[in-house]
Amino acid sequence: MKNTRFLLILMMILPWFSLPLLGRSTIKRFLPATIFIAFVIKINNITAKKKNWWRFYNSIHPKIDGDIPFILGPYFLSALWSLKLTYGKLTLFMITNAIAHFLFAFPGMKLLKRLGIVSLVRLKPIQLTVLLLFRAVLLYGFQFAIENIKQINMFRSFKLNKKF
């Protein structure tokens, strides 16, 4: 139990050491979509808990849900890195995410179950992969929408400035 908590804390903290490598402009550009997907994941996990899709055995603290270390650690930073490395190349984004999610759902979930952290209950690994891919599409779509709104606003601003 103590080792599991330590592992969860480590899993939550270690990815943050890669933050400086992303660069300020990348963080500024992709942070809104990453925050959005973190909220989507939390809402999804609330639903999953009610429907018993998976079960977290431990957490870093009794008053903190077991999914929080995943959301604040690897999910958050992997969303930033994924967008940095593949945004604008949808095919590469989908292939990269498909591979990562497949590895998480199959060998990754087996390892997490063996470590006593989380296990699938009413969801099969392939269903988890599809769910994770759906969330990846939401992440990319949200970023795409943000960038298009910025472009529309820039265009409108340009047209307004051109009149004067």
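A helix in this report is a DSSP run of H or I with at least four residues, a strand is a DSSP run of E with at least two, and both kinds are numbered from the N terminus. Welcome to the structure above. Residues are counted from 1 along each chain as its sequence is written, and side-chain values rest on heavy atoms, with hydrogens and water left out. The model is predicted, and for that reason local features are reported at pLDDT of at least 70 and side-chain atom pairs at pLDDT 80 or more, while totals for chains, interfaces and linings use all residues.

## The chain at a glance

The chain contains six helices and two strands. Starting at the N terminus, their order is α-α-α-β-α-α-β-α. Along its principal axes, the C-alpha trace spans about 65 × 30 × 25 Å.

How many of the residues count as buried? Of the 164 residues, the share is 35%. Here buried means under 20% relative accessible area, exposed means over 50%, and partly exposed lies in between, with a 1.4 Å probe and protein chains only. A contact means heavy atoms within 4.5 Å. Among the contacts with a separation of 6 or more, 80% join residues 24 or more positions apart.

## Two nonpolar cores

A nonpolar core is a set of buried Ala, Val, Leu, Ile, Met, Phe, Trp, Tyr and Cys residues, linked through side-chain atoms within 4.5 Å. The largest one here has 18 residues, and Ile-37, Leu-80, Leu-83, Phe-93 and Leu-139 have the most contacts inside it. At least two of its residues come from each of α3 (24-51), α4 (68-86) and α6 (125-163).

Val-118 sits in strand β2 and is buried, with a relative accessible area of 2%. Beyond its neighbours within four places in sequence, Val-118 contacts Trp-54, Arg-55, Phe-56, Tyr-57, Phe-70, Met-109, Leu-112 and Lys-113. Val-118 and Leu-139 are 21 residues apart along the chain, and their C-alpha atoms are separated by 24 Å.

## How α3 meets α4

Helix axes are lines fitted to C-alpha atoms over the stretch in contact, and angles between N-to-C directions run from 0 to 180 degrees. The axes of α3 and α4 are 9 Å apart, and the two helices pack at an angle of about 140 degrees. That angle makes α3 oblique to α4: under 35 degrees counts as roughly parallel, over 145 as roughly antiparallel, 65 to 115 as roughly perpendicular, and the rest as oblique.

The crossing of α3 past α4 is right-handed. A crossing is right-handed if the near helix is turned clockwise from the far one by less than a right angle, and left-handed if anticlockwise. On the α3 side the contact includes Phe-30, Ile-37 and Ile-41, and on the α4 side it includes Tyr-75, Ala-79 and Leu-83. By type, the residues of this contact are 14 nonpolar, three polar and two charged. In this count Ala, Val, Leu, Ile, Met, Phe, Trp, Tyr, Cys and Pro are nonpolar, Asp, Glu, Lys and Arg are charged, and the others, Gly among them, are polar.

## How α4 meets α5

The next partner of α4 is helix α5 (residues 90-114): their axes come within 10 Å and cross at roughly 155 degrees. As a result, α4 is roughly antiparallel to α5. Which hand does the crossing of α4 past α5 have? It is right-handed.

Phe-70, Tyr-75, Ser-82, Leu-83, Leu-85 and Thr-86 of α4 meet Leu-92, Phe-93, Thr-96, Asn-97, Phe-104 and Leu-112 of α5. This contact has eight nonpolar residues, four polar and no charged.

## Residues to look up

Asn-52 is in the loop between α3 and β1 (54-56). Although Asn-52 is not a glycine, its phi is positive, at about 60 degrees. With a relative accessible area of 33%, Asn-52 is partly exposed. Lys-124 belongs to the loop between β2 (118-120) and α6. Is Lys-124 buried or exposed? Lys-124 is exposed, at a relative accessible area of 55%. From Lys-124 to Ala-105 the C-alpha distance is 8.6 Å, with 19 residues of separation in sequence.

Ile-13 lies in helix α1 (residues 2-13) and is partly exposed, with a relative accessible area of 42%. Ile-13 and Leu-72 are 59 residues apart along the chain, while their C-alpha atoms are separated by 8.4 Å.
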